Amino acid sequence: ILTIAAIFILFPIAMIIFGTLKTRGEFMTVPYTLPIPPNCGNIKRVLTMPIFWYMMRNSILVMIVTTVGVVVVASLSAFVFSRIEFRMKNMLFNFFTLGLMFPVTVAILPIYLIIRQLNLINSLTGVILVQTAFQLSISIVILRNFFMSVPFELQDAASIDGCNNLGFFWCVLLPLARPSLATVAALTIVTSWNDLLVPLVLIDQEKLWTLPLGTMQFQGQYGMDLSLVSAFLLLSAIPAIIFYIFAERQLVSGLTAGALKG
């Protein structure tokens, strides 16, 4: 069963690679044969398009800023919810976990209205804010569970040595939480890089397109030249593939984060 599923998954990828290395005529007439000899003209053509590099820059910028924002805000919030006692703590934490129940597709209309009132339409800042907000819930849950697993005796010992809450968080807890922070960062990077809906709703200026949005627009513009579209898709996916190779362990661990009671 898994072999059949893998074939269904890998077949479109193989077709994209075949199309990339063939001319338009070859891909239309003999799409299922190996590209012998390979033709790199489509790749060169895409790499000479300034819009491709605009999209790559925008995607990388949004991904980096979103990831940094999620890691900083989620780690601070998770520390408060796991190590500090205050009134209504559980209620506020449950409020954050409600975000897991509402995907961005459900709230896209009020999101658009809010971003428009903030004058952030056609701005990467608006995309970053929305992506950060909707990634916080799962990130806080992951980090809170890890922070709660750290013995409280360690915090008491640090307090005796004159370390306040912020010092304990910065000097002790964060170094111990590197695997969980890497998991949060990896999940955020993948989600941000593949996000199509938010840029589609908030951005209509060509120079601000991210790669998923640009890929959709490119396919509509060059839909008759499937080999060129395949080259654009392949080049757009290469950064994500490289990242996944190095971050596979963190992504898999993130799928089971929060499965056990913290």
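Where is the place of Asn119?

Reply: Asn119 has its place in the loop between helix H6 (108–117) and H7. The model is a predicted one. Asn119 is not a glycine, yet its phi is positive, about 60°. Most residues other than glycine have a negative phi, and most peptide bonds are trans. Because the relative accessibility of Asn119 is 67% and exposed means over 50%, Asn119 counts as exposed.

Two other sites belong beside this one. Met88, also not a glycine, has a positive phi of about 65°; Met88 lies in the loop between H4 and helix H5 (89–97). The other site concerns a peptide bond: Ile36 and Pro37 are joined by a cis bond with omega of about -5°. Pro37 is in the loop between helix H2 (24–29) and helix H3 (41–47).

Gln131 makes a side-chain polar contact of 3.5 Å with Thr66, and Thr66 sits in helix H4 (residues 50–83). Thr66 has a relative accessibility of 1% and therefore counts as buried. Beyond its neighbours within four places in sequence, Thr66 is in contact with Ile128, Gln131, Thr132, Thr188 and Ser192.

Helix H9 itself covers residues 165–176; twelve residues at 1.5 Å a residue should span 16 Å, and the end C-alpha atoms are 15 Å apart, so the two values agree.

As for the whole protein, there are 13 helices and zero strands. Of its 262 residues, 39% are buried. Among contacts with a separation of 6 or more, 72% come from residues 24 or more positions apart. The C-alpha atoms fill a box of roughly 75 × 45 × 35 Å along the principal axes. Side chains with charge number 14 positive and 10 negative, and the centres of the two sets are 4 Å apart.

Conventions: Residues are numbered from 1 along each chain as its sequence is written. This is a predicted model: local features need pLDDT of at least 70, side-chain atom pairs count only at pLDDT 80 or more; totals for chains, interfaces and linings use all residues. Side-chain values use heavy atoms; hydrogens and water are left out. Helices (H or I, at least four residues) and strands (E, at least two) are DSSP runs, numbered from the N terminus. Buried means under 20% relative accessible area, exposed over 50%, partly exposed in between (1.4 Å probe, protein chains only). Contact means heavy atoms within 4.5 Å. Lys and Arg count as positive and Asp and Glu as negative; His and the chain ends are not counted. The place of a charge is taken as NZ of Lys, CZ of Arg, CG of Asp or CD of Glu. A polar contact is a pair of N or O atoms within 3.5 Å; within protein, one must be able to donate a hydrogen and the other to accept it, and residues adjacent in sequence count only if both atoms are side-chain atoms. The expected span of a helix is 1.5 Å times one less than its number of residues.
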